[in-house]
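These are my notes on two residues that I looked up, taken one after the other.

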Amino acid sequence: MEAENFVTREDQRYTYLMRLRDEDEFPNAAINIVFVNKDRFFIGAHENNHAVIVHESIQDFHCFLDKDDFGDWCVTNSNLGDIFINGKRLRPGEKRVFRKGDTLQLGKTDMFMYNLAVFPFPVPTKEEVYIKKEEKHSVDE
């Protein structure tokens with residue numbers, strides 16, 4: 001996917017959770033770039049979530065993100081899971097604003113720490129980057 005293939009309005013933005021830890025440290029338990037593509041976006045270990053993180057420190061329905069009346073993203077602790085924003089714990093059912101550059105930690109360890117990032121263009125997945133590299137090599141040969 002090339003950036004010029006996307007037609008975007010000036011006010012259109014793509015929201016991501018960018019994992020702060022390297023994927024190679026925890027290869028079986030990581031989601032490194034999470035595209036937040038729903039108005040209410042669920043995260044947890046259960047397969048019915050939008051972002052599924054299967055790990056002992058992640059509850060089935062750990063939390064969800066949605067926008068408040070001012071257009072800011074908020075995180076709600078939807079369970080008894082451990083959730084921290086900028087190091088401050090969210091109680092079960094608590095909702096807190098989550099802005100660009102803030103840190104979201106899921107679980108008691110720093111294994112699943114994310115920053116909220118907003119871009120004016122879609123970020124390609126590793127699979128898309130890999131496919132592009134393969135296409136380039138086959139054309140160059």
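I count two residues as in contact when heavy atoms lie within 4.5 Å. The model I consulted is predicted.

Entry on His-62. I first located the residue: His-62 sits in the loop that runs between strand 4 (51-52) and strand 5 (63-67).

Next I listed the contacts of His-62, leaving aside neighbours within four places in sequence. They are Ile-43, Gly-44, Ser-57, Thr-76, Asn-77, Ser-78, Asn-79, Gly-81, Asp-82, Ile-83, Leu-106 and Gly-107. For Asp-82 I noted a further detail: its backbone oxygen is reached by the side chain of His-62 at 3.0 Å.

Entry on Gln-105. I found Gln-105 in strand 10, which covers residues 103-106. I recorded Gln-105 as buried because its relative accessibility is 13%, against the cut-off of under 20%.

Which backbone oxygens does the side chain of Gln-105 approach? I noted that of Gly-107, 3.0 Å from a polar atom of the Gln-105 side chain, and that of Lys-108, reached at 3.3 Å.

With neighbours within four places in sequence again left aside, I listed Asp-82, Ile-83, Phe-84, Asp-110, Phe-112 and Met-113 as contacts of Gln-105. I also looked up Arg-89, 16 residues from Gln-105 along the chain, and noted a separation of 9.1 Å between the two C-alpha atoms.

Conventions
Residues are numbered from 1 along each chain as its sequence is written. This is a predicted model: local features need pLDDT of at least 70, side-chain atom pairs count only at pLDDT 80 or more; totals for chains, interfaces and linings use all residues. Side-chain values use heavy atoms; hydrogens and water are left out. Helices (H or I, at least four residues) and strands (E, at least two) are DSSP runs, numbered from the N terminus. A polar contact is a pair of N or O atoms within 3.5 Å; within protein, one must be able to donate a hydrogen and the other to accept it, and residues adjacent in sequence count only if both atoms are side-chain atoms. Buried means under 20% relative accessible area, exposed over 50%, partly exposed in between (1.4 Å probe, protein chains only).
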